[in-house]
Amino acid sequence: MIFSIFCGISMLIMGFSHLIKKDYFLPEKTKDLLSLAKFQSYQKGLIFPYFFTGTLMICMAIVDMSDFLQTSTFIILYTILGSIPIIMLIVNNKINTGRYWFWLKDI
């Protein structure tokens, strides 16, 4: 539970770094693959998913500690809400790079 809160805080820090246009947490391959305009657009697309994921992790850790949801309801809710930022990250990759994943080579 505490680990989830720390992961949520780290996601918020990553989202804030993208908000102020710092590229500390992006790999070099991303910088090489994108032009400057596309890179800035790519970073803007990362802000909301990271903030959403960080907030979700912190809130769900608090819900887990308060123990008022059943385990199955908690897992289903976490899965549904957690799939939203993942889909947003995949769409952001496709819009800005033309690929769904950076680590796969073009065929």
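Which residues is Asn 92 in contact with, leaving aside its neighbours within four places in sequence? In this predicted model, where local features need pLDDT of at least 70, side-chain atom pairs count only at pLDDT 80 or more and totals for chains, interfaces and linings use all residues, Asn 92 is in contact with Ser 41, Tyr 42, Gly 45 and Leu 46. Contact here means heavy atoms within 4.5 Å. Residues are numbered from 1 along each chain as its sequence is written, and side-chain values use heavy atoms, with hydrogens and water left out.

The protein contains 4 helices and 0 strands, and its elements run α-α-α-α from the N terminus on. Helices (H or I, at least four residues) and strands (E, at least two) are DSSP runs, numbered from the N terminus. Taken along the principal axes, the C-alpha atoms fill a box of roughly 50 × 30 × 15 Å. Of the 107 residues, 33% count as buried; buried means under 20% relative accessible area, exposed over 50%, and partly exposed in between (1.4 Å probe, protein chains only). Among contacts between residues at least 6 apart in sequence, 65% join residues at least 24 apart.

Helix H1 (residues 2–19) packs with H3 at an angle of about 160°, the two axes being 8 Å apart. Axes are lines fitted to C-alpha atoms, for helices over the stretch in contact, and angles run from 0 to 180 degrees between N-to-C directions. H1 is therefore roughly antiparallel to H3; angles under 35 degrees count as roughly parallel, over 145 as roughly antiparallel, 65 to 115 as roughly perpendicular and the rest as oblique. The residues of this contact of H1 with H3 divide into 16 nonpolar, 9 polar and no charged. In this classification Ala, Val, Leu, Ile, Met, Phe, Trp, Tyr, Cys and Pro count as nonpolar, Asp, Glu, Lys and Arg as charged, and the others, Gly among them, as polar. Ser 17 lies in H1 and counts as buried because its relative accessibility is 5%. Beyond its neighbours within four places in sequence, Ser 17 is in contact with Lys 22, Phe 25 and Gln 43.

The axes of helix H3 (residues 36–66) and helix H4 (residues 71–97) come within 9 Å and cross at roughly 175°. This angle makes H3 roughly antiparallel to H4. By class, 18 nonpolar, 7 polar and 2 charged residues form the contact of H3 with H4.

The largest nonpolar core has 7 residues, namely Met 14, Leu 26, Leu 34, Phe 39, Tyr 42, Leu 46 and Tyr 50. A nonpolar core is a set of buried Ala, Val, Leu, Ile, Met, Phe, Trp, Tyr and Cys residues joined through side-chain atoms within 4.5 Å. H3 supplies the largest share of this core, 4 residues. Leu 34 is in contact with Phe 39, Tyr 42, Asn 96 and Thr 97, leaving aside its neighbours within four places in sequence. Lys 31 lies in helix H2 (residues 28–33) and counts as partly exposed, at 24% relative accessibility. Not counting residues up to four places away in sequence, Lys 31 touches Asp 23, Leu 26 and Phe 39.
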